[in-house]
Structure formats: C-alpha cells, structure tokens
Amino acid sequence: MTLLADAFTVIAVSAGALLFLAGTIGLLRFPDTLSRLHALSKADNLGLGLIVLGLLPQAGSLSGGLKLVCVWLLAQLSAATASQLIAGRIHRRKSGS
Amino acid sequence: MADFLIGTALFISAVTALGLYRVLRARIAVERMMAVQLLGTGGGAALLLLGVASGVSAANDAALLLMLFATFSCAAFTLGLETTPTENLGSEEESR
C-alpha cells in the first residue's frame, strides 16, 4: 500500500515538474507578452496542482492534506485574479487608453 | 522518498530561476510583474516539496504567504497603473 502511494507520488510530482519545465520553455520561446502570460499562468498552475496531488499521500494527517488542498485552491484564485488584472492592463494599453 | 522530493524541489527552483532571468530582462514593466507571479508559483511549489520532504509543516504556511504576496503585489501594481497616466511605465512597447 505504501509502495503504491510512493509510486503515485513519484509519477504526479514528476509530471508537475515537467509542466513547470514546459511553462519555462514557453516563457523563453513565445514571441508575445500575452502568450508569455498564458504559458506562465496555465502551465505553472497545472504543475502546482499536480505537485499538490502527488504530495497528498505523503501528508501525515488529514488536516495536513486539507491544508495542501487549501494552498492549491488559494493559488488558483490568486493566479486567476493576477493574470486577469495584468492581461486587462496590456489590453487597455494596446487599445490606446 | 525525501531525496526524490528534494531533488524535484531543486529542479523546480532552477527552472523558475531560468524563467525569472528571462522575464526580468524584458524592458516592459508588465513583464517584470509576471516575474513576481512566476516567483509566487514556482517558489510556492518548491517550498511545499521541501516542507513535505523534511516534515516541517511551517513550510506550507511560507508557501501560502509567498503566493499571496505575489498576488497582492500584482494587484497593487495594476491599481497604481490605473491611477497614473500612461507615462514611462507602459510606453516602452516592443516593436516586434
């Protein structure tokens, strides 16, 4: 059972790390500010979600696991807000106001 | 398991530093703010991994604070740009 949990952790955390790598490659390669923001917010937040999912079997107690999920939920909310604010700012600047 | 988690945390830190270097080199102020957001996500993930690997649950709180600070600074930055006229902050448009 613990072997299964460890294997799940390894797979999910590795996938999360790969998504972080993908987000950084997108950040390095994309030509536009808006598409860079897209790579930053989408890929990195999915990577964070996978890492939290992988860490859940390793969390010692129920409250520890709940706290991890709360960290992830709050990260989603804050990333959505910040990306929206930044993108709105870029959009308004392009349309000239 | 702890070795694997610490290794992944180091990998994510390295990748985040690479992205930070790229974004901080940009001349547009908005892209520099994206660097702060990247620091919030990547640093938060690395802190969570390190916290579970070492059994220190306070690292979760530190990760939470890091992400909240990133969001609040982005919001404050946008609000500050709203009130000031579009002078030097957003005028360095890339010509590509």
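Trainee: How many salt bridges does the rule find across the interface of chain B and chain A?

Mentor: In this predicted model, the rule finds two salt bridges across the interface of chain B and chain A.

Trainee: What makes the meeting of the K67(A) and D61(B) side chains a salt bridge?

Mentor: The distance from N to O between these side chains is 2.7 Å, and the rule asks for a Lys or Arg side-chain nitrogen within 4 Å of a carboxyl oxygen of Asp or Glu, so the pair K67(A) and D61(B) qualifies as a salt bridge.

Trainee: Which helix gives the most to the side of chain B that touches chain A?

Mentor: That is α2(B), with 12 residues, although α1, α2 and α3 of chain B each supply at least two; the residues of this side divide into 23 nonpolar, 11 polar and seven charged.

Trainee: How do you know what kinds of atoms give the area buried between the two chains?

Mentor: Of the roughly 3,800 Å² buried between chain B and chain A, carbon and sulfur atoms give 74%, while M1(B), M34(B) and Q37(B) supply 14% of the area that chain B buries against chain A, more than any other three residues.

Trainee: Where does L48(B) belong among the nonpolar residues?

Mentor: L48(B) is in the largest nonpolar core, which has 21 residues, and is listed with I51(A), L55(A), I12(B) and L49(B) as having the most contacts inside this core.

Terms used:
Residues are numbered from 1 along each chain as its sequence is written. Chains are lettered from A and ligands numbered from 1 in the order in which they are written. This is a predicted model: local features need pLDDT of at least 70, side-chain atom pairs count only at pLDDT 80 or more; totals for chains, interfaces and linings use all residues. Side-chain values use heavy atoms; hydrogens and water are left out. A nonpolar core is a set of buried Ala, Val, Leu, Ile, Met, Phe, Trp, Tyr and Cys residues joined through side-chain atoms within 4.5 Å. Buried means under 20% relative accessible area, exposed over 50%, partly exposed in between (1.4 Å probe, protein chains only). Buried area is the accessible area (1.4 Å probe) that two parts lose on being put together, summed over both. Helices (H or I, at least four residues) and strands (E, at least two) are DSSP runs, numbered from the N terminus. Ala, Val, Leu, Ile, Met, Phe, Trp, Tyr, Cys and Pro count as nonpolar, Asp, Glu, Lys and Arg as charged, and the others, Gly among them, as polar.
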